[in-house]
Amino acid sequence: LYGDLKRPKDTRRVYEELVKTYRNLAARSPETYLPDVAFSLNRLGTFHRENQRDRDARKAYEEEVKVYRDLAAHDSARYLPYLALSQVQLGVFHQEQNRLKDATRAYENALKAYRTLAASRGTLYSPYVAVTLTALGDLYRQQKQTKNAGEALEEAVKTWRTMVARDRQDDLRPDLAAALE
């Protein structure tokens, strides 16, 4: 609400209260409320990022990843997808901040998680593997790591081609084209 009204101080206060409230609830019932802590940290991080409060955004995003990592350690089937997505988001944030080593680590961790998911759940997570490989390949290219970039992008292209051929989905072709660039 406050964000729609262009009241950033009130919006920040609400998001911080949301995180605090879920942390208090999670202290009594972690299984129930830790996912809400992570989700509210993501919202707070995004708010900070949109308002150029980069240090606060980084802190919130990194804590979100930690919460999802802890949750995935106890229930990977349920929380590994959330952990992988939060790591991709952290990687994008680090890349925007020109923290390329941190971005690389975040993308590599996300890729590892998505590969685990793809191995256990079939083709459902293949697009996530391909998107993450493309992002990682672009990041390697940005760092002048030509060999790593080529390997990541070749694997992304192979994954996209397999999906296009298997599923005959033309809507995947733009993603294939992005990996080919």
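Predicted model: local features only at pLDDT ≥ 70, side-chain atom pairs only at ≥ 80, totals over all residues.
Residues are numbered from 1 along each chain as its sequence is written, and side-chain values use heavy atoms, with hydrogens and water left out.

The protein has 8 helices and 0 strands, where helices (H or I, at least four residues) and strands (E, at least two) are DSSP runs numbered from the N terminus. Read from the N terminus on, its elements follow the order α-α-α-α-α-α-α-α. Of the 181 residues in the protein, 39% are buried, a class that means under 20% relative accessible area, with exposed meaning over 50% and partly exposed lying in between (1.4 Å probe, protein chains only). Among contacts (heavy atoms within 4.5 Å) between residues at least 6 apart in sequence, 49% join residues at least 24 apart.

How do the helices pack? The axes of α2 and helix α3 (residues 54-74) come within 8 Å and cross at roughly 160°; such axes are lines fitted to C-alpha atoms, for helices over the stretch in contact, and the angles run from 0 to 180 degrees between N-to-C directions. On this scale α2 and α3 are therefore roughly antiparallel to each other, given that angles under 35 degrees count as roughly parallel, over 145 as roughly antiparallel, 65 to 115 as roughly perpendicular and the rest as oblique. The crossing of α2 and α3 is left-handed, a term that applies if the near helix is turned anticlockwise from the far one by less than a right angle, whereas clockwise makes a crossing right-handed. On the α2 side the contact includes Leu34, Val37, Phe39, Leu41 and Leu44, and among the α3 residues that they and their neighbours in the list meet are Ala57, Tyr61, Val67 and Leu71. By class, the contact of α2 with α3 has 13 nonpolar, 4 polar and 4 charged residues, where Ala, Val, Leu, Ile, Met, Phe, Trp, Tyr, Cys and Pro count as nonpolar, Asp, Glu, Lys and Arg as charged, and the others, Gly among them, as polar.

Helices α4 and α5 (residues 100-121) pack at an angle of about 155°, with their axes 8 Å apart. That angle makes α4 roughly antiparallel to α5, and α4 passes α5 in a left-handed crossing. By class, the contact of α4 with α5 has 16 nonpolar, 7 polar and 3 charged residues.

Turning to charged pairs, the structure holds 13 salt bridges, each being a side-chain nitrogen of Lys or Arg within 4 Å of a carboxyl oxygen of Asp or Glu. In helix α1 (residues 8-28), Asp10 and Arg13 lie 3 residues apart, about one turn of the helix, and their side chains meet in a salt bridge (3.7 Å, N to O); Arg13 is partly exposed, with a relative accessible area of 41%. Arg12 and Glu16 also both lie in α1, 4 residues apart, about one turn of the helix, and form a salt bridge whose closest N and O atoms are 2.8 Å apart. Arg12 counts as partly exposed at 28% relative accessibility, and Glu16 is partly exposed at 34%.

Another salt bridge joins Arg49 with Glu96, the closest N and O atoms being 2.7 Å apart. Arg49 lies in helix α2 (residues 30-50) and Glu96 in helix α4 (residues 76-96), so the pair ties together parts that are 47 residues apart in sequence. Arg49 is partly exposed at 26% relative accessibility, and Glu96 is partly exposed at 49%. Elsewhere, salt bridges that share partners join Arg58, Glu62, Arg99, Asp102 and Arg105 into one network.

Most residues other than glycine have a negative phi. Gln52, in the loop between α2 and α3, has a phi near 55°, a positive value in a residue other than glycine, and Gln52 is exposed at 62% relative accessible area.
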